[in-house]
Amino acid sequence: MNIYEQINLKKVINASGKMTALGASIVNPLVADYMKEAAMNYVIIEALIDKAGEIIASYTGAEDGCVTIGASAGIAISTAACIAKDNLSHIERLPDSEGMNNEVIIQKGHSVNFGAPIAQMIRLGGGVPIEVGQANKVEKDHIEAAINDKTVALLYVKSHHAVQKGMVSMKDMIEIAHKYNLPLIVDGAAEEDLKKYVALGIDLVIYSGGKAIEGSTSGFIAGKKQLISYCKKQYKGIGRAMKVGKENIMGLLKAIELYSTKDKKSTVEKQKKLVQWMADEIDKIDGLTASIIKDEAGREIYRVSVKVNTNLKNIDATHVIKELEGGAPAIYTRNHYANIGIINIDPRPMIDGDEKYIVNRLKEIMENLSE
Ligand SMILES: *Cc1c(COP(=O)(O)O)cnc(C)c1O
């Protein structure tokens, strides 16, 4: 019995992704050891935050870093930093930013919900989100026309949640930011490359510590020295409500270290093999067809795409999902395309043996349905 089952909570098989709703990531035992040791000792937090920033900088190539409790806090703190800078009276007044320059420009197709709205995280930092263009079409002109004296930053969201087509490219956003001398913030919460966006000269790049990095509940902002110093100052203001504990900071640092030395190629190869095996097995099940698809945001992630044959009576993807989630252990799949009859299986959060359990459970569900 795991610790959650001991308090009568269901065991979960995660084939969905690094989902906050399922506990994001499970950490490597080395990360857990680090967290335990950190939790059992005192430290000067300000010094820890500075040291963590240095270490984050060394892994990202940025000038400096600021730890956060997650990427959402990263958005709020980055926004606050661009508005209040190091002005303590302003820092202490946020998110009320009346009379301050406070507009953050974001493309309509980037103003998405990742579990909560991006726009709300901007507001939490005292920002006024200025959404430009349309959900499926934004042009450079839309961005430039929205820039005025009150603009403090541009925000670009690099994510599978965002609209992938018809948006102004990151390259163009960088150009506009330079032209108007505005900071560009990139929300790369679930991105796997910790260096790429920093290397493009982006002012503040936000990551989640619990997604690709598989660390503790945490996140960080990597970026330019002065802006990062403003970010850290926000811990005297709105940041306090998003406090990142010492054990989470240390868990993040160990996780980044492990992540940076991880053999990503062999991990991907292993995952490809696993999804191939699952696709072959699931494809044999009556009423299901399975294939392998690559991540829609272009990351090196391969998933099983299971199509539910809706011609069979009473069967649609939503029904199968309900059965999967209703069992014990509960199986959670990736369901963004359930409305078109597709269930995706993500190998990244799965642990050894889950694949057999999932295949067997799908067999069981489909057999029971066709009776
Ligand atoms: C997950 C996610 C977030 C929030 O990250 P947390 O670390 O859970 O706070 C923000 N933005 C995007 C695009 C995300 O995918």
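**View 1. D346, a buried residue in a loop.** In this predicted model, D346 is buried, because its relative accessible area is 0% and the cut-off for buried is under 20%. You'll find D346 in the loop between β12 (342–345) and α13 (354–370). Looking past its neighbours within four places in sequence, D346 is in contact with N14, A15, S16, G17, I301, R303 and R334. S305 is another residue to look for here: D346 and S305 are 41 residues apart in sequence, and their C-alpha atoms are 9.1 Å apart in space.

**View 2. Q271, on a helix.** Here we move to helix α11 (residues 264–283), where Q271 lies. Is Q271 buried or exposed? Its relative accessible area is 15%, and the cut-off for buried is under 20%, so Q271 is buried. Which residues does Q271 touch, if those up to four places away in sequence don't count? They are P347 and R348.

**View 3. A39, in helix α1.** Helix α1 covers residues 29–39, and A39 is found in it. With a relative accessible area of 41%, A39 is partly exposed, because that value sits between the 20% and 50% cut-offs. Setting aside neighbours within four places in sequence, A39 is in contact with K246 and E247. Now look for G239: A39 and G239 are 200 residues apart in sequence, with 20 Å between their C-alpha atoms.

**View 4. The largest nonpolar core.** This core has 80 residues, and the ones with the most contacts inside it are I143, L154, L155, L184 and F220. Helix α3 (residues 71–84) gives the most to it, with 10 residues. Zoom in on L155 and, leaving out neighbours within four places in sequence, you'll see contacts with I75, V104, I105, I106, I118, I122, M173, I185 and D187. Another core lies apart from this one; it has 30 residues, among them M278, I285, I343 and I365.

**View 5. Two cis peptide bonds.** One of them runs from L94 to P95, with omega near 10°. P95 is found in the loop between α4 (88–93) and β3 (103–107). For the other, go to the peptide bond from A328 to P329, which is cis with omega near 0°. P329 has its place in the loop between α12 (317–326) and β11 (330–333).

**View 6. Positive phi at N8 and A24.** Neither residue is a glycine, yet phi is positive at N8, near 65°, and at A24, near 60°. Where is N8 found? It's in the segment before β1 (12–15). N8 is exposed, because its relative accessible area of 72% is over the 50% cut-off. A24, for its part, is found in the loop between β1 and α1.

**View 7. Stepping back to the protein chain.** How many helices and strands does the protein chain have? There are 13 helices and 12 strands. The radius of gyration is 22 Å, which agrees with the value near 21 Å that a compact globule of 371 residues would have. Along the principal axes, the C-alpha atoms fill a box of roughly 70 × 50 × 35 Å. Buried residues make up 51% of the 371 residues. Among contacts with a separation of 6 or more, 71% come from residues 24 or more positions apart. The chain exposes about 17,900 Å², and carbon and sulfur atoms supply 51% of that area. As for charge, the mean positions of the 46 positive and 47 negative charges are 1 Å apart.

Key: Residues are numbered from 1 along each chain as its sequence is written. This is a predicted model: local features need pLDDT of at least 70, side-chain atom pairs count only at pLDDT 80 or more; totals for chains, interfaces and linings use all residues. Side-chain values use heavy atoms; hydrogens and water are left out. Helices (H or I, at least four residues) and strands (E, at least two) are DSSP runs, numbered from the N terminus. The radius of gyration is taken over C-alpha atoms; the globule rule is 2.2 Å times the number of residues to the power 0.38. Buried means under 20% relative accessible area, exposed over 50%, partly exposed in between (1.4 Å probe, protein chains only). Contact means heavy atoms within 4.5 Å. Accessible areas come from the Shrake-Rupley method with a 1.4 Å probe; for residues, only the protein chains shown count as cover. Lys and Arg count as positive and Asp and Glu as negative; His and the chain ends are not counted. The place of a charge is taken as NZ of Lys, CZ of Arg, CG of Asp or CD of Glu. A nonpolar core is a set of buried Ala, Val, Leu, Ile, Met, Phe, Trp, Tyr and Cys residues joined through side-chain atoms within 4.5 Å.
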